[in-house]
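Here's a quick tour for anyone meeting this structure for the first time. Have a look at it, then read on.

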Amino acid sequence: MDLKRDIYDCLVQWKHRNSGKVLEVSGARQVGKTYILTKFAKENYKNFFYINMMQTSGQDFNACLERAARWEPGEERAEKPIHRALELFDKKFADEEDTVVVIDEIQESAKVFSLIRQFAREFRAHFIVTGSYLGKTVGKEYFLPAGDIDTMELNTLSFEEFLQAAGKIELYEQIDLYGESSHEDYELLKSFYGIYSKIGGYPAVVRKYFETGDISECRREIAHIIRIFVDESERYFDNILEMGLLEQMLPLIAQTMVREKKGSPDLVKELSSVLFRDDSNRVTKKSVNQAIAWFCRSDVIGYCGRVNEGNMLDVTPNCRFYFRDLGVAGHFLDMAGVQPDAIAGIINENFVYLYLKKKSDVLEIAGMTPLYAIYKGGELDFFVNSRKDYKNYGIEVKAGRTAGKTARQMLEDGKIQHLYFLKGNTYGGIEGKMKTVPVYLAGRLKF
């Protein structure tokens, strides 16, 4: 099953822009980076060369680099050694604009990663580098050529991409946000959201669903992906204690999503306090910090900052965790023993977080990460400062009798100018500056 990915059009635009920079495509393990880059390269270039630094092709390319480096200065073939290395790797290589070289899992070779500046400055051919564990490249042996890189990120399938695969994207794009469409259409989209909220967007999981329609099969696939990630990540840690910490951390992160209603100014301390209860001599705060940083750089989890007392100029960073995929979030919330009703609420909140992260990444909203707010002892699920109209928007996700008390107070006090209620069981509606929208339409909100 060929899943249409939104990043494909961005890749085509990058090719035509011809910036002269190397493109770095980041993204978690098994989000489909190799698949989409291979498809893009074959469909848009005359010549395509693929090197995987974790496989034989990577070993062969390193050998070609070493061989080219041994040629004596003054020899004709000693000029442009990286060009010669690529020609040794594949005699068909030609340095032309209609040639693309994709180097996968580049974090496995500091030597090759450190050639990125030369790829950008010495070649007419286009270069794309990618990897699932690019956090490795923060090591001292890696030269970071920031000015010579364009970046893109491939995430798991969004709800829109999932609906595209299901043939329902036009309905999603046309349905009214505030209840003016037919109830049958809202119920249909709600049913697809119910599926997506359980399985998430890993391509293998989505394909499994469309092949079998079996949620249990999809969840087994999620567990398999997590197992691969943990096993592969352990290769980058120095000792057995740090390796064991990786498996303990993700369920604990899920627990913080339930416990920390107002967040924590020190999530590392919060997690460390749980781990230290068992054996304070076995786990250090530094190890916890390294594990969290690894999960963030591997695109498994993300942070959310806190706006204090509704003041956008008073922000405490990194006070909450969210998962970067709903299927993975559900897996660890189940593992943590969270009740189903609570899981549904947290998943809805996580769903909205993912959309806000996209907007913060492209600077449509303020903050290095999405933000929530505390105000007069209460909490607002998300606080959005638009960089288009410079107004503050509040978002309440969870339903309930007291839902929105703090949000309404913030609206009354002028801390926010607009308020959205995002709910699962609604068709939408408008009441002054308060708008109710089905949660599955969160991606269509404008700020």
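Let's start with K359: beyond its neighbours within four places in sequence, K359 is in contact (heavy atoms within 4.5 Å) with E364, I365, L445 and F447. Keep in mind that this is a predicted model, where local features need pLDDT of at least 70 and side-chain atom pairs count only at pLDDT 80 or more, while totals for chains, interfaces and linings use all residues. Residues are numbered from 1 along each chain as its sequence is written, and side-chain values use heavy atoms, with hydrogens and water left out.

**K359**
- K359 sits in helix α16 (residues 340-361); helices (H or I, at least four residues) and strands (E, at least two) are DSSP runs, numbered from the N terminus.
- With a relative accessible area of 15%, K359 is buried, as buried means under 20%, exposed over 50% and partly exposed in between (1.4 Å probe, protein chains only).
- I199 is 160 residues from K359 in sequence, and their C-alpha atoms are 23 Å apart in space.

**The sheet**
- Four strands form an open sheet in the order β7-β6-β8-β9, with mixed pairing; two strands pair if DSSP finds at least two bridges between them.
- β7 (315-323) and β9 (378-380) are at the edges with a single partner strand each, so one side of each has no neighbour in the sheet.
- Direction ignored, neighbouring strands here are turned by 30° against each other on average.
- Strand β6 (residues 301-308) pairs with β7 in the antiparallel sense over six bridges, and C304 stands opposite R320 in β7.

**Helices on the sheet**
- α14 lies across β6 and β7, at about 105° to β6; axes are lines fitted to C-alpha atoms, for helices over the stretch in contact, and angles run from 0 to 180 degrees between N-to-C directions.
- Helix α17 (residues 405-412) packs on the sheet too, touching β8 (371-375) and β9, and its direction makes about 85° with that of β9.
- Buried residues in α14 include V288, W294 and F295.
- After α14 comes D299, with a positive phi near 65°.

- Not counting residues up to four places away in sequence, F159 touches several residues, including Y172, F192, F351 and Y440.
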